[in-house]
Amino acid sequence: MNLTDRPEWQALQTHSLQIKDAHLRDLFAADAGRGVSFSLQAVDILADYSKNLITDETLELLFKLARATQVEDMRRAMFAGEKINTTENRAVLHTALRHQSDEPVMTDGHDVMPEVRAVLQKMADFSNQIRSGQWLGHSGKPIKNIINIGIGGSDLGPVMATEALKYYSQRDLNVQFVSNVDATQLIEVTRGLDPAETLFIIASKTFTTDETMTNATSARQWVLEALGDESAVAKHFVAVSTNSEKVREFGIDTTNMFEFWDWVGGRYSMTSAIGLPIMVAIGPDNFQQLLEGFYAMDEHFKTAPLEQNLPVILALLSVWYGNFFGAESEVILPYDQYLHRFAAYFQQGNMESNGKSVTKDGQVVNYHTGPVIWGEPGTNGQHAFYQLLHQGTRLIPADFIGFAQPLNGLGNHHRKLTANLLAQTQGLAFGKTAAEVRADGVAEALVPHRTFPGNRPSNTILLPKLTPKTLGQLVALYEHKIFVQGVIWNINSFDQWGVELGKVLAQGLVSQLKTGQPSDQNDSSTNNLLATIQRWSSTPAEPDAALS
């Protein structure tokens, strides 16, 4: 049955028309306990979803939709290792990477846990060697700089988590990341570094990803120009890959190749060997705490009934606004500077997963799927785009993320930060009426400009403190939210064919840019742009500049 033909969907459609004129001011006035009854704690996360345009009936109808679309069955299938990634015929077992019990995790009749734990141990051994100074470069110097070269899931998760957990990092190690094929990033990251003290982690499952291998090849040249010996590659490069032949051809000792598996999607791979730079930065013990945090939320999602299941509730609220109120985007607002890459990480996590327009059966959908995800940390956003949230014409549901305890206590900074978080959720929900503005003595001509309509929905997600364990819980919360959304929309959240087309087209254009000869198979726009680029270039051919 098409999703929009389901009686549960149609019941929600009718209900949304009935509730569209309700205001959060009235909903709170009618229920003194709303802030408690519409809150839920899962592990260390308290989510207050009371400032949403919902009633008990709304939630009841949403849970009926979740059951009708088999969220519970698909949840079981994912954890059981069934091949729910149907277009690639793969299991979806990122949860196995952080599995903490002695129970096996099976797929294709095989327990994956011995291999998972073996790779984690290998990562820990390597990390300890780097962190202790035992790993020596070709010249006998200890490694001080670790540069991860990857892209997409091989970059965004490690970048986000390394920044989020910087407080727990070993500060005499310089952990950096390169993803963009724009040479500027690699040049700027390596500027001023000593190649003899630098080690590169090349993260590519196939070891053929064009952007990653372009950067890796230039990094290899930078090392060899300084150290002058091909054997230096083995001391200054390690690989996170499954392609041992390509790794060996590059010059990396395959002993220093860290494996992961085809049932790990890139944007869900942070707790696999892709997380090696995180472990180097924060150490194996803290990385274990990160895994335990993931596992705790995995277990909550796996076992809690839908009505007490935090990822399910957040997913249903997203469906509610996206499909019944026309919301096109969601904003993630972490009130902690360490989480400044959190929204960017879940831009990929959500938009690559659920940016689909056909069902798992290949039928074009007649409803909206993945929202646009965006956001910035803390009070920075307040002085940038909150104007639109408060008084703009678009409905944009917001997630506010805060912590009760600061990691860096300094004066009353954290108290002011937290006060701003709470104030913004109040202002968005309740606004300020024209009568209240007039009561402040504002001139009548300015009353419309100083009035805030309110009724802008938000979730407040609170945690005690930013630690490796609570970060793991938070990331897993959003992962499972995305999964539930995809199940309801009947789309495959675990492929990303939309990424491929641009890559294929770019391959043909590279040679045209180098030779200056456009193809007569191109469209007129592309050929005009190629001609302009050629005219404005300093040389007719692409320069091959070395790293300085």
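Reply: Rings of Phe, Tyr and Trp, the last taken by its six-membered ring, count as a pair if their centres lie within 6.5 Å. With that in mind, and remembering that this is a predicted model, one can begin with a cluster in which ring pairs link Trp 9, Trp 320, Tyr 321, Phe 324, Phe 325 and Tyr 367. A pair of aromatic rings is described by the distance of the centres and the angle of the planes.

In total, the structure holds 27 aromatic pairs. One of them is formed by Phe 237 and Phe 250, whose rings are 5.5 Å apart from centre to centre, with 65° between their planes, an edge-to-face arrangement. This pair links distant parts of the chain, since Phe 237 belongs to strand 8 (residues 237-240) while Phe 250 belongs to helix 11 (residues 244-250), and the two are 13 residues apart. Both Phe 237 and Phe 250 are buried.

Another pair to look at is that of Trp 374 and Phe 385, where the ring centres are 4.7 Å apart and the planes stand at 70°, so this pair is edge-to-face; planes over 60 degrees apart are what that term requires. Trp 374 is found in strand 11 (residues 372-374), and Phe 385 in the loop between helix 16 (378-382) and helix 17 (386-391), so the pair ties together parts that are 11 residues apart in sequence. Phe 385 has a relative accessible area of 16%, and because buried means under 20%, Phe 385 is counted as buried.

Leu 513, Leu 529 and Ile 533 make a nonpolar surface patch of about 260 Å². Of these residues, Leu 513 lies in helix 22 (residues 500-515), and its relative accessibility of 38% makes Leu 513 partly exposed. Asp 298, by contrast, is buried at 1% relative accessibility. Asp 298 is part of helix 13 (residues 284-303), and its side chain makes a polar contact of 2.7 Å with the side chain of Arg 98.

Technical notes. Residues numbered from 1 in each chain as written. Predicted model: local features only at pLDDT ≥ 70, side-chain atom pairs only at ≥ 80, totals over all residues. Heavy atoms only, no water. Phe/Tyr/Trp six-rings, centres within 6.5 Å; stacked < 30°, edge-to-face > 60°. Helix = DSSP H or I, 4+ residues; strand = E, 2+ residues; numbered from the N terminus. Buried < 20%, exposed > 50% of the residue type's maximum accessible area, 1.4 Å probe, protein only. Patch = residues over 30% accessible without salt bridge, like charges linked within 9 Å, V, L, I, M, F, W, Y side chains within 5 Å. Areas by Shrake-Rupley, 256 points an atom, 1.4 Å probe, with all protein chains shown as cover. Salt bridge = Lys/Arg side-chain N within 4 Å of Asp/Glu carboxyl O. Polar contact = N/O pair within 3.5 Å; in protein donor to acceptor, adjacent residues only side chain to side chain.
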